[in-house]
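Welcome, and thanks for taking a look. Here is a short briefing to read alongside the model.

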Amino acid sequence: MSKLEESTTPQQETVPDKTATLRSRIQQLEAELASYKESGAQISRFANQLRTAADVSKQLSSILDREQLLKKVVALLKERFRLYHVHVYLLDESQKVLRMVAGSGGVGELLRVRQHAISLDTVHSLVVRAAREGYIILVDDVSREPDFLPNPLLPDTRCEMAVPLITGNRVLGVLDVQDDRSHRFDQLDVATFSTFSGHIAAAIQNAYLFEEQRRAETAVRRYAERLQSLHEIDQAILTAESPDNIARTAIQRLREMVPYHRASFSSFDYQSGIVHIFSVTGSPEPDAIDGDYSLAESQEILELVRQGPIVGNLADLPSNLPPLPALADYGVKSVLIYPLVAYKEIIGTLNFSRSTPDSFDEHDVQVVGEVAAPLAIAIEQARLYEQVKQHAQTLEEQNTELAQFAYVASHDLQEPLRIVISYVQLLERRYAGKLDEDADLFIHYIVDGALRMKNLINGLLDYSRLGRQNQSLAPTDCEAVLQQVLSNLHLTIQETNAIIHHDPLPTLMADSMQLTQLWQNLLSNALKFSETQPEIYIGAKRENQHWLFWVKDNGIGLEVEYGERIFAIFQRLHTLEEYPGTGIGLAICRKIVERHNGRIWVESEPGAGATFYFTLPVKG
Amino acid sequence: MTNPNSTEKEIIDILLVEDNPADVRLTQEAFKETSIKVQLYVVRDGAEALDFLQRHGRFAHVPRPDMILLDLNLPKKDGREVLSEIKTSPDFKSIPIVILTTSSAVEDIHHTYNHHANCYITKPADLDQFMDVVKQIEQFWLSVVRLP
């Protein structure tokens with residue numbers, strides 16, 4: 001082996017006679033000519049090599065895939081320089097191993113497939129030396145070189161040149177060229193390959209950069225796709241109707257990002273102690289694992305998912321759990337079971353399976369995890385919504401039933417009561433004063449009680465009828481309604497000598513019968529709960545989309561704490577002796593106002609009168 | 001057979017179709033307090049009412065009533081059916097009918113007027129109202145007999 005030798009000194013000779021001188025001169029000239037010819041040949045060879053190098057470099061510059069690039073390098077070099085063998089090593093990520101990445105011919109391919117590599121710690125290796133020292137190592141005759149490692153696949157190698165591939169100050173790898181002729185490479189070759197290695201290194205560096213950029217682009221694209229899928233899942237979740245449908249949709253959409261052989265959803269119902277499982281396999285046939293399982297029997301799985309997602313092989317999971325043996329029958333080898341956690345409780349799991357072992361990786365877990373969090377909340381909310389809907393329906397049914405009951409009961413109560421009242425009155429009429437004083441008093445109490453009961457039943461009937469009947473909304477002149485009410489109450493108004501003023505009243509969409517009842521109840525209360533001459537003011541004021549009405553009196557008033565209670569049915573603040581009544585009137589008022597989408601309330605102070613306010617929408 | 005339009009009768013024959021004995025007696029008591037003389041015949045259900053009019057069986061010798069007081073809710077054949085049968089019969093459709101019922105349902109009122117009930121009265125809730133009703137019947141009768 002030798003480092004590069006300086007070119008050899010030209011030979012010179014002196015001849016005594018002319019002939020000899022001339023011959024010598026001729027020889028000299030011949031030699032010069034030869035030398036000149038040789039140098040001309042050298043020059044043309046150099047030019048030729050440079051052209052080849054330029055050509056190769058040009059071809060390389062357009063290849064951005066590293067593997068393709070190096071394949072081309074070795075092929076081109078072998079062909080253009082007529083070499084026995086060429087291959088390229090690159091330092092791997094650890095920077096400690098030179099890995100063969102391309103080689104010429106079948107041998108090169110074989111070595112590459114075998115992942116031929118040389119550690120930088122290897123002492124006797126030309127390639128390693130070139131990489132470590134950063135210089136071209138040339139061996140003219142490998143048989144005399146102790147550092148040469150013979151390769152049985154390349155038996156004819158006689159000389160070898162290891163050219164480091166350097167860009168900047170960094171060694172990327174080594175270009176190794178071998179030939180079956182010893183002393184094959186001269187200075188010119190060394191110079192050419194030295195230049196050439198720079199080009200190759202630059203091209204490799206380019207390819208590295210391009211790969212990196214492409215990796216980044218791929219990552220960005222995959223993120224965008226993932227976001228798009230997640231967005232689609234979100235949309236699907238929003239439009240799905242039931243918890244099961246939400247889970248089904250999400251699992252179906254996940255297939256693009258986490259390809260699976262089979263998938264299912266387990267939902268846990270802690271109240272009933274049931275795990276409900278259904279499969280999302282795309283097959284319409286019922287699945288063997290579908291159905292309800294006991295939560296108690298699934299305790300082991302539950303304990304496991306409490307720790308986090310289960311990623312592993314079916315064979316490693318407890319085999320006594322109900323749905324798992326059935327999975328084995330479907331050829332399932334590996335599973336990913338992901339817990340769905342909503343409000344700190346595991347509400348179920350997403351179960352994915354594949355027919356190859358150890359198949360789920362961190363990426364799968366990460367993607368499912370991204371979907372699982374919003375999915376769990378959506379499922380839980382859908383569950384709650386279903387519950388609320390069910391409760392509302394039950395309530396509505398009960399309400400209707402109650403209203404029906406109240407109506408039928410009060411209607412049927414009327415009949416016997418009518419008989420009682422009529423006969424007691426007949427008794428009073430025929431026998432008052434003919435028995436004794438006690439009998440008269442008792443009869444009076446019976447009549448009084450029976451009449452009160454009649455009022456109650458009538459009130460109850462009116463009240464329950466409000467809930468049963470449809471409203472007939474029509475333009476209603478409140479002025480006319482009030483006149484009707486005043487006429488209905490004219491006896492009381494006369495008796496109490498009441499003074500009644502009112503604002504101009506509007507016409508609005510309402511049920512006129514109900515409005516009449518509303519005003520009549522409020523006015524008769526104002527007349528009733530008074531200890532002096534009643535003064536009543538009826539006000540009206542337009543406020544945006546509704547009218548505000550009020551009935552203000554100068555009566556006894558009430559404590560503000562009872563302001564809400566007086567609108568409940570059968571609620572009274574006074575004894576019958578003080579103020580008679582059924583406790584239904586204001587309940588009817590509230591029902592009428594609420595059925596008109598309005599609001600009713602009272603403002604009052606004891607002794608300072610009361611003002612009852614209510615609102616009615618302008619358009620009903 | 002009597003005809004209210006031909007001569008003024010001293011006694012009015014009224015058929016009361018009513019299943020509740022308390023109501024029957026109350027009606028009887030109420031008519032005691034009126035100025036007109038009333039012979040009240042009582043049947044307990046719709047089928048009997050039609051037998052009465054057609055003088056079937058034990059009703060072979062009853063008079064044709066001058067007026068019918070009909071309760072709507074009756075056993076066997078209810079008041080609505082009785083009403084429509086009477087009002088579609090050429091022989092009986094001229095007899096004035098007063099419906100007495102606890103029902104104030106709008107559909108009942110429409111039904112009975114559509115079948116030419118002459119009067120629809122919700123059963124009064126107390127004695128005074130009942131007396132009023134009987135007085136109205138009396139007035140009604142007097143107006144009917146005065147018809148040409």
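Predicted model: local features only at pLDDT ≥ 70, side-chain atom pairs only at ≥ 80, totals over all residues.

Chain A is assigned domain 1 (45-212), domain 2 (238-382), domain 3 (403-468) and domain 4 (474-617).

**Where domain 3 meets domain 4**

- The centres of domain 3 of chain A and domain 4 of chain A, taken over C-alpha atoms, lie 27 Å apart.
- Domain 3 of chain A brings 9 residues to the contact, and domain 4 of chain A brings 12 residues.
- About 980 Å² is buried between domain 3 of chain A and domain 4 of chain A, with 76% of it on carbon and sulfur atoms.
- On the side of domain 3 of chain A, the residues that lose the most area to domain 4 of chain A are A:Leu456, A:Tyr463 and A:Leu466, together 62% of what that side buries.

**Polar and charged features of that interface**

- Between domain 3 of chain A and domain 4 of chain A there are 0 salt bridges, while 1 residue pair is in polar contact across their interface.
- The side of domain 3 of chain A that touches domain 4 of chain A is made up of 4 nonpolar, 3 polar and 2 charged residues.

- Most residues other than glycine have a negative phi.
- A:His183, not a glycine, has a positive phi of about 50°.
- A:His183 sits in the loop between β6 (170-179) and α5 (187-239) of chain A, and is exposed, with a relative accessible area of 54%.
- A:Tyr343 also has a positive phi, near 50°.
- The loop between β11 (334-342) and β12 (345-354) of chain A holds A:Tyr343, which counts as exposed at 52% relative accessibility.

Methods
Residues numbered from 1 in each chain as written. Chains lettered and ligands numbered in written order. Heavy atoms only, no water. Domains from an automatic or database assignment. Contact = heavy atoms within 4.5 Å. Buried area = accessible area lost by both parts, 1.4 Å probe. Salt bridge = Lys/Arg side-chain N within 4 Å of Asp/Glu carboxyl O. Polar contact = N/O pair within 3.5 Å; in protein donor to acceptor, adjacent residues only side chain to side chain. Nonpolar A, V, L, I, M, F, W, Y, C, P; charged D, E, K, R; others polar. Helix = DSSP H or I, 4+ residues; strand = E, 2+ residues; numbered from the N terminus. Buried < 20%, exposed > 50% of the residue type's maximum accessible area, 1.4 Å probe, protein only.
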